[in-house]
Amino acid sequence: MRHQVVLAVFMLLTSGSSFCEAKRQTRASSENIFFVENDCEAAEKFAIIVHGWRENCQTEWVVDMMSNLTIYRGGCIVCMDYGKHSAEDYFQGLVPKFGLVVTALLGKLKEMEARGFDPANGHIFGFSFGAQSSIEAGRRFGFRKLGRLDVCEPAGPGFDSDRVFSTLDPKFAAKQVQCIHTSNDKGTFRRECHQDWNMGNCGASQSAAGPYPKGSHGLCPYFYNSAFVNEFRAIPKPDECVSFRAISSIPDQSRMGYFSDMNSGIIGDFYSRTTKTYPYNEIPNEV
């Protein structure tokens with residue numbers, strides 16, 4: 001990978017919070033892939049956000065997540081912006097560039113490690129195409145070398161039909177891998193992460209689904225953002241849902257999202273109800 005070009009820039013992070021910080025932006029070997037950093041000092045924990053198709057670092061949920069991670073996690077927050085590629089046709093433009101996006105993210109992980117960041121304190125959130133890119137970059141980075149990987153709706157089209165790719169284990173990408181599912185048309189059918197959260201109607205559809213970008217697929221990162229302050233608790237597997245790895249004994253207070261108890265060691269399928277309106281969560285004992 002060619003030497004990265006470092007650009008000194010100042011950007012305003014527009015979100016619900018009132019702060020603005022000096023940002024550092026780096027350009028990967030691809031001129032159309034950037035990494036925007038906030039408050040990044042070596043030896044701290046870090047988090048990287050990887051958006052999906054037709055998105056960039058100014059997308060609503062991405063800006064909100066940068067704010068949430070800053071407030072509830074702290075440390076170095078990085079947004080990977082491959083917006084010029086994600087604006088292309090999905091099958092003809094973006095999917096063929098999967099290797100390019102993965103290589104850029106892998107290069108960033110290696111750079112962070114070289115700067116003194118501990119991969120075990122690293123966290124990546126990826127959505128859709130960005131989720132698949134995050135999983136693959138994590139695998140290539142090293143066997144469960146990254147601390148944690150949370151992904152929303154890993155893309156199914158272009159990936160599930162690939163015989164080789166569909167056999168790769170997402171659990172190899174990090175020590176803890178949480179996958180959140182909200183649709184059965186744009187999201188993967190695979191349930192092979194440490195924790196697979198099936199939201200709403202068995203992870204197949206959502207009652208809150210509306211026009212793009214908040215269809216069943218696109219709602220996933222909005223659920224994740226809501227979960228920073230609203231609990232999406234686990235419920236027993238609904239009878240209509242099919243699973244061969246459903247959790248039979250659900251730990252108390254199990255919840256989806258950044259605050260999920262990934263240290264419990266429980267591996268399998270979780271289920272959680274969702275509602276038609278924000279904040280989208282339904283607390284079982286309040287029903």
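With a torsion of -85° about the S-S bond, the link of Cys202 and Cys241 is left-handed, a disulfide being a pair of cysteine sulfur atoms within 2.5 Å. Cys202 lies in the loop between β9 (195-199) and α6, and Cys241 in the loop between α6 and β10 (268-272), so this pair ties together parts that are 39 residues apart in sequence. Helices (H or I, at least four residues) and strands (E, at least two) are DSSP runs, numbered from the N terminus.

The model is a predicted one, in which local features need pLDDT of at least 70 and side-chain atom pairs count only at pLDDT 80 or more, while totals for chains, interfaces and linings use all residues. Residues are numbered from 1 along each chain as its sequence is written, and side-chain values use heavy atoms, with hydrogens and water left out.

The count of disulfides comes to five, and their pattern, with bonded cysteines counted along the chain, is 1-3, 2-4, 5-9, 6-7, 8-10. The table lists some of these links.

| Pair | S to S distance | Torsion about S-S |
|---|---|---|
| Cys57 and Cys79 | 1.9 Å | about -105° |
| Cys152 and Cys220 | 2.2 Å | about -85° |
| Cys202 and Cys241 | 2.1 Å | -85° |

The disulfide of Cys57 and Cys79 is left-handed; the pair links distant parts of the chain, 22 residues apart, with Cys57 in the loop between β4 (46-50) and α1 (60-72) and Cys79 in strand β5 (residues 76-81). Both Cys57 and Cys79 are buried, that is, under 20% relative accessible area, where exposed means over 50% and partly exposed in between (1.4 Å probe, protein chains only).

The disulfide of Cys152 and Cys220 is also left-handed, and because Cys152 lies in strand β7 (residues 146-152) and Cys220 in helix α6 (residues 220-226), the pair ties together parts that are 68 residues apart in sequence. Cys152 and Cys220 are both buried, and Cys202, at 17% relative accessibility, counts as buried, as does Cys241 at 4%.

A search of the whole structure finds one cavity of 30 Å³ or more, a cavity being a set of points on a 1 Å grid over the protein atoms alone where a 1.4 Å probe fits but cannot get out, with lining residues having an atom within 4 Å of a point. The largest cavity has a volume of about 110 Å³, the volume being the space filled by probe spheres set on the points. Its lining has 14 residues, of which Ile135, Pro154, Pro170, Thr188 and Arg190 lie nearest the centre. The largest share of this lining, three residues, comes from α5.

Definitions and conventions: On a 1 Å grid over the protein atoms alone, a cavity is a set of points where a 1.4 Å probe fits but cannot get out, and a pocket is an open set with protein on both sides within 12 Å along at least five of seven lines; lining residues have an atom within 4 Å of a point.
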